[in-house]
Amino acid sequence: MPISEQISTRVAQLGSGVFARNDQRKEVYRRRLNTSPDLPPLLDLSLGSTDLQPPPVALEAIASALDEPASASYCLHGATLPFREAVAAWARRRLAVEVDPEREVLLLVGSQEGTAHLPLAVLNPGDAALLLDPCYPSHRGGLQLASAETVLLPLDPERGWRPDYNHLSDSQWDALRLMVFGFPHNPTATTGEQAWLDAAMARAIDHNIVLAHDNPYLDLALDGEAPALLRHPDWRRCGIEFFSFSKGWCLGGYRIAFAIGAEWLITALRQLKGIVDFNQSLALQAGAIAALEQAPQWPERLRGIYSERRDRMAAALRSEGWVVPHASMALYHWLPLPAAARGHGLDSERFCAALLEATGVCLTPGNGFGPGGEGWQRLALVHPSKELEAGAARMGAWLRQL
């Protein structure tokens, strides 16, 4: 085999991610638009990348700090202390928990980076780790890169996506070394309950398992109170939780997030990150600090907007004959395949590809979130309600022609 064609088994096993496949399809559609301007415009509902803006104080802080020479320099861990102290103060206000900014907080280049790197920090090749099915793609990707054995815990819509911990035997629990959870849950748009997470922590303690909780939607529960691992009194034993500025403060493109967890887990992840990356610019950290300290209510402002979009889009889709389960968290609808698509034998990937080609509306096929996502698709509420409703009309008209 020519050297130029050799890639690692790990990368080969990753395959092409669902967002990359969608990106290729969107690029094909854009090229069609260049030659056929009569086609409907692209309406991208495939990514949870909001059209809403960050708090002005965050952008002002970034802009001001850009003029400081240190913002253009590499940022090692020690220089992130002001950020980590702001995070600790936020945890005290938001979750009523005291954390040590020196030992229990870590800056991340987006929470996806943290959840993907954690398995490399805590697992050996062949170790078993538990994922929810469906789950966010980086959770699975991190395990594959760490050469871990993946064990799936199916989430059943008939149970309201509640985890059934009895699905695994005691011997299976004993074999696990890591669990990766995330509620509010992407992609099913389910807020979840604290009791679900508390039960997972009890299993983690009983079976000596690391529990990682991906929680970028903490402040975007539309119904109920979002669970948090840090609310469990024993999180310092084997827990780590990941938070993000991408969703609640609309800073997704700035790639800044943080982890709070047991000292030994933060130390392990910090050691790995010290090899593979430096931290984000001090200017971006200044924006994040401003968001936490000066705009703590920003996510609350977003919830009203997302609630309206959720309700109006659900009504529009139902009027077109779609089944629309209730979404209890912001940003998404998790939709079963329409009857017309099932009648034509389309799976989630082929349905989303055909939908984009015919209507210009791009959704994310559910199979990209694991086997349990097949037969579903995720729709992101990342455009104003009128544009969403127009997209629903486009999709409905196409479905009636199938």
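Colleague: What should I know about the model before reading it?

Modeller: The model is predicted, so local features need pLDDT of at least 70 and side-chain atom pairs count only at pLDDT 80 or more, while totals for chains, interfaces and linings use all residues. Residues are numbered from 1 along each chain as its sequence is written, and side-chain values use heavy atoms, with hydrogens and water left out.

Colleague: How do strands pair, and which strands pair with strand 6?

Modeller: Strands of a sheet pair through backbone hydrogen bonds, either parallel or antiparallel. Helices (H or I, at least four residues) and strands (E, at least two) are DSSP runs, numbered from the N terminus. Two strands count as paired if DSSP finds at least two bridges between them. Strand 5 (residues 176-181) runs parallel to strand 6 and is joined to it by four bridges; within this pair, L178 has V210 as its bridge partner. Strand 7 (residues 239-244) is also parallel to strand 6, again with four bridges, and I240 of strand 7 stands opposite A212.

Colleague: What unit do strand 5, helix 8 and strand 6 make?

Modeller: A crossover is right-handed if, with the strands pointing away from the viewer, the path from the first strand over the helix to the second runs clockwise. Strand 5, helix 8 (residues 194-207) and strand 6 make a right-handed β-α-β unit.

Colleague: Is strand 6 buried or exposed?

Modeller: Buried means under 20% relative accessible area, exposed over 50%, and partly exposed in between (1.4 Å probe, protein chains only). In strand 6 (residues 210-214), five of the five residues are buried, so the strand is largely enclosed by the rest of the structure. V210, A212 and D214 point one way, L211 and H213 the other way, and all are buried.

Colleague: Which residue meets D311 in a salt bridge?

Modeller: R310 does, at 2.9 Å from N to O. D311 is partly exposed at 41%, whereas R310 is buried at 7%. Elsewhere, salt bridges that share partners join R94, D219, E225 and R231 into one network.

Colleague: How many disulfides does the search find?

Modeller: A disulfide is a covalent bond between the sulfur atoms of two cysteines. The cut-off is a pair of cysteine sulfur atoms within 2.5 Å. The whole structure has zero disulfides. For C135, the closest cysteine sulfur is that of C352, at 17 Å, too far for a bond. C135 is buried, with a relative accessible area of 3%, and C250 is buried at 7%.

How values were computed. Salt bridge = Lys/Arg side-chain N within 4 Å of Asp/Glu carboxyl O.
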